[in-house]
Amino acid sequence: MHEPQRYDLWSAGAAYERYMGRWSRRVAEQFVAWLDADEGLRWLDVGCGAGGLTAVVAARCRPRTVVGVDRSENFVAHARASASPHAHFVVADAMALPVRDETCDAVVSGLVLNFLPSPAAAVARMARATRPGGMVAAYVWDYAEGMGFLRRFWDAAIAVDPAAATLDEGRRFPVCRPEALRAVWSGAGLEDVSVVPVEVPTVFTDFADLWDPFLTAQGPAPGYVAALDPGDRERVRDALSATVPPQADGSVALTALAWAVRGRRPDPSRPTARRHVG
């Protein structure tokens, strides 16, 4: 029996960029555009990883400040290396944010909620860090259905090794669908809650471009691949290859779906506060 948490390693910024960062940055662009936030805000990016979302906020939103926090020193170092002058990074745990309550205008998180011990507790902490009337927002991959190359990977892995089903992010991570996200945001006392899909193309130059990042040991699927013996690794590779026929030019064209959610901390001074589900 596989132990899921054993494979949840996120620490190497460059390896993450090759595996997931190149796609997550595209989601971050659409996410920030959807937020349509004012200029001059104080932003906090929780679980900033390699700094993709932080960089988009710094580039598009003209923030007063934007701080990214992540518990991985390697990720923070990677983010700092390419950061704009407006972005700052701190090594800290998402479950113990290094900010006082009600000090941020916008608290965001990209693709990290399902890897935290308690997504609900994390969002509640994010809400406490937000000023009344401020925004709390995040996005997560639709591991269950819409994250194309991961969905195909786990289906192939389970066909070769049925025990791999215990590692499948679509089964492990319930907060990857719109209903669950709405419930977490509402449970944190946030209002005007809205959830929207964000889909991006994931076009690989060839099958090797899709497969090789699974050899980086960054995250559940690559961690699982790294732990396989060479024979089983090749069998999973062949099973995956059979499910992703190439285009005429050899490329592999898939899509990745994420869900974005936002809400606002109630503001007692706003008499028309309301709840909205979208």
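The model is predicted: local features need pLDDT of at least 70, side-chain atom pairs count only at pLDDT 80 or more, and totals for chains, interfaces and linings use all residues. Residues are numbered from 1 along each chain as its sequence is written, and side-chain values use heavy atoms, leaving out hydrogens and water.

**Cores**
- The largest nonpolar core holds 63 residues, and Trp141, Phe149, Phe153 and Phe214 touch the most other members.
- Helix α1 (residues 13–35) gives the most to this core, with nine residues.
- Another core, of 29 residues, lies apart from it and includes Cys104, Leu113, Ala138 and Val261.
- A nonpolar core is a set of buried Ala, Val, Leu, Ile, Met, Phe, Trp, Tyr and Cys residues joined through side-chain atoms within 4.5 Å.
- Buried means under 20% relative accessible area, with a 1.4 Å probe and protein chains only.

**Helices α5 and α9**
- Leu150, Phe153, Trp154 and Ala157 in α5 meet Pro220, Ala221, Tyr224 and Val225 in α9 (contact means heavy atoms within 4.5 Å).
- Helices are DSSP runs of H or I, at least four residues; strands are runs of E, at least two; both are numbered from the N terminus.

**Trp43**
- Trp43 sits in strand β1 (residues 42–46).
- Trp43 counts as buried because its relative accessibility is 2%.
- Trp43 and Val66 are 23 residues apart in sequence, yet 4.5 Å apart in space, C-alpha to C-alpha.

**Start of α10**
- A side-chain oxygen of Asp229 reaches to within 3.1 Å of the backbone nitrogen of Gly231.

Note on methods:
A polar contact is a pair of N or O atoms within 3.5 Å; within protein, one must be able to donate a hydrogen and the other to accept it, and residues adjacent in sequence count only if both atoms are side-chain atoms. Buried means under 20% relative accessible area, exposed over 50%, partly exposed in between (1.4 Å probe, protein chains only).
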